[in-house]
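Please look through this model for backbone and helix details. A short report follows the display.

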Number of protein chains: 2
Amino acid sequence: MNELEQKGYKAKKASYELGHLSSVEKNQGLLAVSKALWEKRGKIIEENQKDIKNAKERGINEALLDRLTLTEERIRSMAEGLKQITQIEDPIGEVAIMKKRPNGLQIGQKRVPLGVIGIIYEARPNVTADAFGLCFKTGNAVILKGGKEALFSNIAIVNIIRDTLFTAGLSRDAVQLIEDTQRSTTLALMKLNQYIDVLIPRGGQGLIKTVVENSTIPVIETGVGNCHIYIDEYADINQGVSIAVNAKTQRPGVCNAMETLLIHEKIAYPFLSELFPILASFSVEIRGDEKVKNLFPTVSKATEEDWSQEYLDYILAIKIVSSLEEAMDHIQLYGTGHSEAIITQNYTRAQRFLEEVDAAAVYVNASTRFTDGYEFGFGAEIGISTQKLHARGPMGLKELTTTKYIIYGTGQIRM
Amino acid sequence: MNELEQKGYKAKKASYELGHLSSVEKNQGLLAVSKALWEKRGKIIEENQKDIKNAKERGINEALLDRLTLTEERIRSMAEGLKQITQIEDPIGEVAIMKKRPNGLQIGQKRVPLGVIGIIYEARPNVTADAFGLCFKTGNAVILKGGKEALFSNIAIVNIIRDTLFTAGLSRDAVQLIEDTQRSTTLALMKLNQYIDVLIPRGGQGLIKTVVENSTIPVIETGVGNCHIYIDEYADINQGVSIAVNAKTQRPGVCNAMETLLIHEKIAYPFLSELFPILASFSVEIRGDEKVKNLFPTVSKATEEDWSQEYLDYILAIKIVSSLEEAMDHIQLYGTGHSEAIITQNYTRAQRFLEEVDAAAVYVNASTRFTDGYEFGFGAEIGISTQKLHARGPMGLKELTTTKYIIYGTGQIRM
């Protein structure tokens, strides 16, 4: 057994124990870890400084450096996050359906942990504690593979978690970190079907694509959001402007922000005349199609590429359409199945949009920015699934579980 | 666009239409197809004869030939199967949860079709109509890739279905067959992520392994069952013997049949003394471990390989264990997570087995043969999932669907 297989084996073994812990035991473990992370923040920051120094030497950009950096404040919110997870109801053990078949068999469907979850992510050390917390609360063991830029930080955090669990009499192998940063090791991790039940990539499009293409373990795809808002002919202009501004500017770097605005030709001029000055105050760059340019000649021209881009930035593509159908066709073609919204006062159009648009979350008269575990009322989330199997939309604790059938018999045989 | 991409594109387009059909329209389509298959049975049998002739020339074995053969009787049950699917409740459109968030957003989770389902299967032409029926009822388009041995039969069946749908004013692209039997085409199908939402392999271990290893589309694994029955020290011997005989001999060629019997040492001699004569009357070959051989020297010796084999035949491996833990460790190591049973009158042992064994279906005092869509009360099934994502155990109509969040707003923006 190589190191990877050993970690897989240990995780599987730990998962059997974790699956049978009571909610009380799990919450005690989470609170102990929360406390330890805060108490040992000095050590974490010290190790994080090494990562920052290395990163600066390699010249990584400001945004990445910001994500990599751990401050006292950020460690406080990591610790708080774990406390909050103890407040969420434990889904494990629930038997949703139990019925008696004509032959007397009692068949129930019971919620159980997935087993071992692999999480592959980028240089965001706060994900380390967060992913552990969600997996632990649901009775899963987790194998973490974080970005190499955050290696020292991740080792420090994982060691504190493991030591704390051990002291509390729990299995330290509930969490393990793959420290080897070679690409070949990451690829081997994606094929460790024997020990890992599910793989969740958290990060940008490139990371997700690599995992989907190489993993033989079932994957839950998360996150890429090329989200649209369609302003219908029958929109309330004030409401539409307020929502469009919110969806573009409230936090442009996240997956549920709007990337393309579609607008019905009959309302385009008055609507955009109101919208543009506000977006200009946020320095949003506009890229319009031919029809937008005809109305507002100073706007720059959108190319074919703009329609499929997730800018994650203060840039907005705009297309004028002549019907609801044209808007929905555009969304079908370029959307990533994340969050899509229509702004309209017309009942039939609202219902058609809800019915026909194929995405994780479809909105009428609200900002796409609400697609989020907290906003949906699930508490913490592990990501937003944009695929259709198992989980779609914000994934809370329940999405980290599966079910098994339990059958109580009295000697039944099949005829 | 090559032929495969064209079919993918057409399937995706058809899926938008299918997703919005009412249950009444879908049932009418199914009944029309059911009628047409029966009326055109002559043509189907004629084409099937070509497949049989080719298969005999290539010298395929009797069991495969039997599966390939379509008789009037078998076409009748294909047609009946479609009629039965009209009787199952349509899961599409159900909004299981609709709640109002503090900000007034109404968030509901609505059941919708997966979209396009790809099914890769072997030379069983009856799967063709069956897979179409289940996918159609759930509003999904289906792309079928059957075994090359059944090509003429499949073309005949699919053409009848397509023509019937067309006549009924429905999209014929609800079902399409990949006729190109080259391996490279099958591999390309497994990477058609742009158009196919889910891939379901139906067949033997080799087929499933190939799909899992090569597909970049999410896969639902079905079927391989290395099922165990553990006879506990506190078992009722008569009950245990009856269940063991049923699980081994009632239909040994299916995935929920027992392959290995585990038995507590304290009950082994009296139990096996009763069991062996009955199994002998079914000509079941016994392969025992060292301890079994010590008690019954004429039994042949089980090797390491026997523990992981899915015989699908009148062969049974038997191992004597000295504890419940040893039995569960054996199941964890060699089981495929399909169906596992304990026979015991001891409450604690029954509960521990149900809790700790990690499989799709875990039984107390009943035959593993019950793991089946009809027996569980779901009606027709597309297969039995042995993975943990999305679906676990028998997959009925609901498992061919996903959900989307629909959100009714009144102008909400995120703060």
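In which loop of chain B is His390(B) found? His390(B) sits in the loop between β14 (383-385) and β15 (393-395) of chain B. The model is predicted.

## His390 in both chains

Most residues other than glycine have a negative phi. His390(B) has a positive phi of about 70°, although it is not a glycine. His390(B) counts as buried because 22 other C-beta atoms lie within 10 Å, and the cut-off is 20 or more.

In chain A, His390(A) has its place in the loop between β14 (383-385) and β15 (393-395). The phi of His390(A) is positive, about 70°, and this residue is not a glycine. His390(A) is buried because it has 22 C-beta neighbours inside 10 Å.

## Helix α11 of chain A

Helix α11 of chain A covers residues 265-281. At 1.5 Å a residue, its 17 residues should span 24 Å. The end C-alpha atoms are 25 Å apart, which agrees. The helix α11(A) also has a kink of about 40°, centred on Phe271(A). After α11(A) comes Ser283(A), with a positive phi near 55°.

## The buried residues of α11(A)

Which residues of α11(A) are buried? They are Ala268(A), Phe271(A), Leu272(A), Leu275(A) and Leu279(A). An α-helix has 3.6 residues a turn, so residues three or four places apart point the same way.

Definitions and conventions: Residues numbered from 1 in each chain as written. Chains lettered and ligands numbered in written order. Predicted model: local features only at pLDDT ≥ 70, side-chain atom pairs only at ≥ 80, totals over all residues. Helix = DSSP H or I, 4+ residues; strand = E, 2+ residues; numbered from the N terminus. Buried ≥ 20, exposed ≤ 12 C-beta atoms within 10 Å, placed from the backbone. Expected span 1.5 Å × (residues − 1). Bend = angle between axes of the 7 residues up to and from the residue.
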